[in-house]
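Let's take a walk through a protein model together. Have the sequence and the 3D view ready, and follow along as we go.

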Amino acid sequence: MLFYSFLGPIHNDFSANNLLVKMDNSKKYQITGILDFEESSYGYKVSDLAVYIAYSSVSFFNSMSPLTIGKYALKGYLSKRSLSVGELSVLRDCIIARVTQSLSVGAHSYSLNKDPYVLSTQKHGWQVLEKLRELPSDVHDYWMS
């Protein structure tokens, strides 16, 4: 199996909404904590990065493109952890899958319980999905440059 050795504990809902940050003395933001471990599981570590890029692309759609978000996110991730060539090769598809999952599960959940929170991806999710689908499958090469 291609990814077997890369299984481990993952947050599985890693997004800006689940990060605690503070500004340090040099006016740079530092992550001081992570919240919401409800969806934590044992899985592929590339999933956490894909989830972060997916949700950041939706949250920051009006101010930054998914292409730029992916570049910064991957650079930051690789400064702390490594990814295999196999993981990098599926990153784009994992991001697309998470946005698609969020859109469909959110719509279904809303049909059962009219909680508007579950529709948060709907606001920009479809536009983000189109932008992500335009990216080449080897976009990780650009992101790593």
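Here is a short tour, from the whole chain down to single residues.

First, some ground rules. This is a predicted model, where local features need pLDDT of at least 70, side-chain atom pairs count only at pLDDT 80 or more, and totals for chains, interfaces and linings use all residues. Residues are numbered from 1 along each chain as its sequence is written, and side-chain values use heavy atoms, with hydrogens and water left out.

**The whole chain**

You'll find five helices and four strands here. Helices (H or I, at least four residues) and strands (E, at least two) are DSSP runs, numbered from the N terminus. Going along the sequence, the pattern reads β-β-β-β-α-α-α-α-α. The radius of gyration is 15 Å, close to the 15 Å that the globule rule gives for 145 residues, so the protein is as compact as a globular protein of that length. (That radius is taken over C-alpha atoms, and the rule is 2.2 Å times the number of residues to the power 0.38.) Along its principal axes, the C-alpha trace spans about 45 × 40 × 30 Å.

How many of the 145 residues count as buried, as a percentage? The value is 38%, where buried means under 20% relative accessible area, exposed over 50%, and partly exposed in between (1.4 Å probe, protein chains only). Contact means heavy atoms within 4.5 Å. Among contacts between residues at least 6 apart in sequence, 70% join residues at least 24 apart.

Now zoom in on α2, residues 66–78. At 1.5 Å a residue, its 13 residues should span 18 Å, and its end C-alpha atoms are 18 Å apart, which agrees. (The expected span is 1.5 Å times one less than the number of residues.) Buried in α2 are P66, I69, G70, A73, L74 and Y77. They cover an arc of only 120 degrees around the axis, which puts them on the same side of α2; the arc is that of the directions from the helix axis to the C-beta atoms. Why does that work? An α-helix has 3.6 residues a turn, so residues three or four places apart point the same way. On the face turned away from the buried side, α2 carries the exposed residues Y72 and K75.

What do the buried residues of α2 pack against? Their partners are α1 (45–59), α3 (85–112), α4 (122–134) and α5 (139–144).

A nonpolar core is a set of buried Ala, Val, Leu, Ile, Met, Phe, Trp, Tyr and Cys residues joined through side-chain atoms within 4.5 Å. The largest one has 24 residues, and L49, I53, L91, I95 and W143 touch the most other members. To this core, α1, α2, α3, α4 and α5 each supply at least two residues. Leaving aside neighbours within four places in sequence, I53 is in contact with I69, G70, A73, L91, I95 and W143.

**Around the strands**

Y42 sits in strand β4 (residues 41–44). At 60% relative accessibility, Y42 counts as exposed. Leaving aside neighbours within four places in sequence, Y42 is in contact with L7, G8 and P9. The C-alpha atoms of Y42 and H11 are 8.7 Å apart, although 31 residues separate them along the chain.

| Residue | Phi | Loop |
|---|---|---|
| N12 | about 75 degrees | between β1 (7–10) and β2 (19–23) |
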